[in-house]
Amino acid sequence: MNLRCLFGKHEWSGCKCWTCGKIRGTEHNWSGCKCYRCGTIRDEGHDWAENCESCSRCPATRKAAHKWHGCKCTACKKTRDEQHIWSGCKCSTCGKTRDEEHSWSGCKCSTCEKKRDEEHNWSRDCGRCARCGKMRKDAHTWNGPRCSVCARTTADARVDETIDQLSEIDTQLGGVLMIMDLARYGEGEALRGTAKSLLLQYTAFRALLSAAGTPEATAALAVHNLALKYLESSQIQL
Ligand SMILES: [Zn+2]
Ligand SMILES: [Zn+2]
Ligand SMILES: [Zn+2]
Ligand SMILES: [Zn+2]
Ligand SMILES: [Zn+2]
Ligand SMILES: [Zn+2]
Ligand SMILES: [Zn+2]
Ligand SMILES: [Zn+2]
């Protein structure tokens, strides 16, 4: 220790001796409620900007300080799960949704995306709802190779069936193929990138299918090839 400090002649820089590091209880350098030299805390100058009831610099708290407007504090933007300002099924302030007053557009709520099992849209495909993707069996009215109600062909129906079977064996691949199939109808464009990366991980799966040689494996391989063809014909480069 410095001899001067030993005799009590510290070299104070604010509250701290810059030679020996000793702290004295005066001359703090306050930054709000905290001395930035020694870390001492005082009960003034707290920072409530991030949270009206808890200081962001020290452990100080205070009660009933939020300025609530419904579920949100107008001062610190904190939210609470009460007094929401509902606009249909969604709170216009915090975005929370509730299972009431949905804005049904057929089978799907256009506000919160909730689905219901009524008023499906079978116009594009009798077997799959264009809005929510729900499937139903034996729905087409075959007139030769085409359905006389929707635009699907018997070949499409075979693809649907295979995707169904595949989904039971392998949920991920089934899902990818379904997205690819929807992409063919101009749907699922946003999901195409995801589908692509997932599908490309299936090289090993392909090899397995080729080796298996069962009718299911052959069908799966055919759908996989079809999916790859959609990808190749899409804007996204493989
Ligand atoms: Zn000192
Ligand atoms: Zn200090
Ligand atoms: Zn504080
Ligand atoms: Zn607040
Ligand atoms: Zn709310
Ligand atoms: Zn809703
Ligand atoms: Zn639907
Ligand atoms: Zn049909």
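Visitor: Let's start with Q83. Is Q83 buried or exposed, and why?
Guide: Q83 counts as exposed, because it has 12 C-beta neighbours inside 10 Å. The cut-off for exposed is 12 or fewer. Keep in mind that this is a predicted model.

Visitor: Where is Q83 found?
Guide: In the loop between β6 (72–73) and β7 (86–87). Q83 is not a glycine, yet its phi is positive, about 50°.

Visitor: What about E27, what is its phi?
Guide: Positive, at about 60°. E27 is not a glycine either.

Visitor: And where does E27 sit?
Guide: E27 is in a loop, the one between β2 (16–17) and β3 (30–31).

Visitor: Is E27 buried or exposed?
Guide: Exposed. E27 has 12 other C-beta atoms within 10 Å.

Visitor: OK, stepping back. How many helices and strands are there in the protein?
Guide: Six helices and 12 strands.

Visitor: And what share of the residues is buried?
Guide: Of the protein's 238 residues, 17% count as buried.

Visitor: What about contacts between residues at least 6 apart in sequence, how many of those join residues at least 24 apart?
Guide: That share is 20%.

Visitor: Now the loop between β4 and β5. Which part of the chain do those strands cover?
Guide: β4 is 34–35 and β5 is 68–69. S56 has its place in the loop between them. T61 lies in that loop as well.

Visitor: Take S56. Which residues is it in contact with, leaving aside its neighbours within four places in sequence?
Guide: D47, A49, E50 and N51.

Visitor: How far is S56 from H46?
Guide: In sequence, 10 residues. In space, 7.8 Å, going from C-alpha to C-alpha.

Visitor: Why is S56 called partly exposed?
Guide: Because S56 has 14 other C-beta atoms within 10 Å. Buried would take 20 or more, and exposed means 12 or fewer.

Visitor: And T61, why does that one count as exposed?
Guide: T61 has 12 C-beta neighbours inside 10 Å, so it counts as exposed.

Visitor: Which contacts does T61 have, leaving aside neighbours within four places in sequence?
Guide: Two names here: E53 and S54.

Visitor: New topic: D117. Where does it lie?
Guide: D117 lies in the loop between β10 (108–109) and β11 (142–143).

Visitor: How many C-beta neighbours does D117 have inside 10 Å?
Guide: It has 9, so D117 counts as exposed.

Visitor: How far apart are D117 and K134?
Guide: They are 17 residues apart in sequence. In space, C-alpha to C-alpha, the distance is 8.6 Å.

Visitor: Why is R4 partly exposed?
Guide: Because R4 has 13 C-beta neighbours inside 10 Å.

Visitor: And how far is R4 from T19?
Guide: R4 and T19 are 15 residues apart in sequence. Their C-alpha atoms are 9.3 Å apart in space.

Terms used
Residues numbered from 1 in each chain as written. Chains lettered and ligands numbered in written order. Predicted model: local features only at pLDDT ≥ 70, side-chain atom pairs only at ≥ 80, totals over all residues. Helix = DSSP H or I, 4+ residues; strand = E, 2+ residues; numbered from the N terminus. Contact = placed C-beta atoms within 7 Å.
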